[in-house]
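Hi everyone, thanks for coming. I'd like to walk you through one protein today, piece by piece. Have a look at it first, and then we'll start.

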Amino acid sequence: MAYLQTDVTKVTTRVLQNMKLHGEKIAMLTAYDFSMAQLLDRTKIDVVLVGDSAANVMEGYKTTLPITLDEMIVYASSVVRAINRALVVVDMPFGTYQGNSKQALASAIRIMKETGADAVKLEGGEEVLESIQRILSAGIPVMGHLGLTPQSINKFGTYAVRATEEEEANRVIHDAHVLEEAGCFAMVLEKIPAALAGRIASEVKIPVIGIGAGSGVDGQVLVLQDMLGITQQFKPRYLRLYGTIGEDISNAIRQYISDVKSQDFPNEREQY
Ligand code: KIV
């Protein structure tokens, strides 16, 4: 590839736009804590998302709905302290932006001021347009999120693939254009047919990051713990495993227990 942004010292929204322009794919992963974020910072990851999937991964909830703004701010500020190069995006949690654009702006300002993140992400299209516009008017970059929007799980009742029917597909296309025209710098498309996602990525000028949305988009995002094999029960079709870290951790802990019980640990060199 002729054009690579791997040399940039800080990824900005403009860098991401350039990557789309030059056909360089964007790699995005989630992080919720300082230690994992430090590992990400040693790589050339482009975007780190402090996702509200923290509700599932870090807090054990079945949905993303219970996580609070205060909790997201703790996770996000831990991540920001570790990240130097990647663009850090923070999810606005359920109930902090829907239906009240002034509250949306206040929530986004808290995220930016208290975490030092670079941008916020929120779920939805036309129905949250006023909130998006108000946040953008304060100079805060917004990433959209369409398709499967987990904060609406109680409306849809399932995490199955979305927009397989023409009516919903047209709605997603419409909303993608609404997000672009509003001024979002990028959007996530989650769990929709690859052909639909590819069509949207080719129609809009802003980067489209997919999760379960095929290869025709401008980048990919996965939940870090899922792709590392730490969250072992979650196995959607789109997930590729890049490690068996969960197993490695359990084995290391088993070995530690065994060494403590057998008095192999600590040995003479491991004491004072
Ligand atoms: O919360 C999250 O981790 C997300 C990604 C799955 C895109 O929104």
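So, where is the place of Pro236? Pro236 sits in the loop between helix 10, residues 224-227, and helix 11, residues 245-261. Before I go on, please keep in mind that what you're looking at is a predicted model.

Okay, back to that proline. Is Pro236 buried or exposed? Pro236 has a relative accessible area of 15%, and the cut-off for buried is under 20%, so Pro236 counts as buried. Pro236 and Lys191 are 45 residues apart in sequence, and their C-alpha atoms are 9.9 Å apart in space.

Let's zoom out for a moment. The protein is divided into domain 1, residues 13-241, and domain 2, residues 247-272.

Helix 4 covers residues 69-82, which makes 14 residues.

How many of the residues of helix 4 are buried? The count is 10 of the 14, so helix 4 is largely enclosed by the rest of the structure. Among the buried ones are Leu69, Met72, Ile73, Tyr75 and Val79. And what covers them? The cover over the buried residues of helix 4 includes helix 2 (34-41), strand 2 (47-50), helix 3 (54-57), strand 3 (87-91) and helix 5 (101-115).

Let's pick one of those partners, helix 5. Helix 4 and helix 5 pack with their axes 9 Å apart, at an angle of about 35°, and the crossing is right-handed. On the helix 4 side, the contact is made by Leu69, Asp70, Ile73, Ala76, Ser77 and Val80. Helix 5 brings Ser107, Arg110, Ile111, Glu114 and Thr115. Sorted by class, that contact has five nonpolar, three polar and three charged residues.

Last stop: the loop between helix 3 and helix 4, where you'll find Thr64. Thr64 is buried too, with a relative accessible area of 4%. Which residues is Thr64 in contact with, leaving aside its neighbours within four places in sequence? Those are Asp52, Ser53, Ala55, Asn56, Pro150 and Gln151.

Note on methods: Residues are numbered from 1 along each chain as its sequence is written. This is a predicted model: local features need pLDDT of at least 70, side-chain atom pairs count only at pLDDT 80 or more; totals for chains, interfaces and linings use all residues. Side-chain values use heavy atoms; hydrogens and water are left out. Helices (H or I, at least four residues) and strands (E, at least two) are DSSP runs, numbered from the N terminus. The expected span of a helix is 1.5 Å times one less than its number of residues. Buried means under 20% relative accessible area, exposed over 50%, partly exposed in between (1.4 Å probe, protein chains only). Contact means heavy atoms within 4.5 Å. Domain bounds come from an automatic or database domain assignment. Axes are lines fitted to C-alpha atoms, for helices over the stretch in contact, and angles run from 0 to 180 degrees between N-to-C directions. A crossing is left-handed if the near helix is turned anticlockwise from the far one by less than a right angle, and right-handed if clockwise. Ala, Val, Leu, Ile, Met, Phe, Trp, Tyr, Cys and Pro count as nonpolar, Asp, Glu, Lys and Arg as charged, and the others, Gly among them, as polar.
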